Amino acid sequence: MSCSEDTDSAAADPLDRLSDEHAAAAFRRLVRHLRQRHDAQNIDLMGLAGFCRNCLSDWIVEAGALLDKAAAREVIHGMPAAEWKARYQTEATPEQLARMEESLKKNGGAH
């Protein structure tokens, strides 16, 4: 596939035609939803979808937010990450870890 084909397929993606305003509103809704669903453990999100709350915080920094890692995680978690972890994170089982590893392979190096 040539670079022009990559550009053409990206331009055809309806996601790229979505306004930043609408995309940002959907992102905020997703983050607030995850803040309410503490039962959705990061390890399970990684195992099913190949990303978690911590990935979202990394992505906002990669997108240019002037935050350090800790501040970005606080934005996503709604509290300092260490506090969220102490309150809500459970010990990962070997099965969860294996599922996460398999899921990450599907990300094709991106995460």
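Residues are numbered from 1 along each chain as its sequence is written, and side-chain values use heavy atoms, with hydrogens and water left out. Since the model is predicted, local features need pLDDT of at least 70 and side-chain atom pairs count only at pLDDT 80 or more, while totals for chains, interfaces and linings use all residues.

The protein chain contains 8 helices and 0 strands, giving the pattern α-α-α-α-α-α-α-α along the sequence. Helices (H or I, at least four residues) and strands (E, at least two) are taken from DSSP runs and numbered from the N terminus. Of the 111 residues in the chain, 23% are buried; here buried means under 20% relative accessible area, exposed means over 50%, and partly exposed lies in between, with a 1.4 Å probe and protein chains only.

Salt bridges come next. The term covers a side-chain nitrogen of Lys or Arg within 4 Å of a carboxyl oxygen of Asp or Glu. The whole structure holds 3 of them. In one, Arg37 pairs with Asp39, and the closest N and O atoms are 2.5 Å apart. Arg37 is partly exposed, at 37% relative accessibility.

Another salt bridge joins the side chains of Arg87 and Glu83, at 2.8 Å from N to O. These two residues are separated by about one helical turn, because they sit 4 residues apart in helix H7 (residues 81–88). Arg87 is exposed, with a relative accessible area of 52%, whereas Glu83 is partly exposed at 31%. Helix H7 also contains Ala81, which is partly exposed at 25% relative accessibility. The C-alpha atom of Ala81 is 8.8 Å from that of Ala71, a residue 10 positions away along the chain.

In helix H8 (residues 94–105), Lys105 and Glu102 are 3 residues apart, about one turn of the helix. Their side chains form a salt bridge as well, at 2.9 Å from N to O. Lys105 is exposed at 59% relative accessibility, and Glu102 is partly exposed at 46%.

The surface also carries a nonpolar patch, formed by Val61, Leu67 and Val75, with about 180 Å² of accessible area together. Patches are built from residues with over 30% relative accessible area and no salt bridge, joining like charges within 9 Å and nonpolar side chains (Val, Leu, Ile, Met, Phe, Trp, Tyr) within 5 Å. Accessible areas come from the Shrake-Rupley method with a 1.4 Å probe, and for residues only the protein chains shown count as cover. Val61 belongs to helix H5 (residues 53–62).

Finally, the largest pocket has a volume of about 250 Å³. Among its 16 lining residues, the closest to the centre are Asn42, Ile43, Cys52, Asn54 and Gln89. A pocket is an open set of points on a 1 Å grid over the protein atoms alone, where a 1.4 Å probe fits, with protein on both sides within 12 Å along at least five of seven lines; lining residues have an atom within 4 Å of a point. Grid points are joined across faces, edges and corners, and the volume is the space filled by probe spheres set on the points. Helix H4 (42–49) and helix H5 each give at least two residues to this lining.
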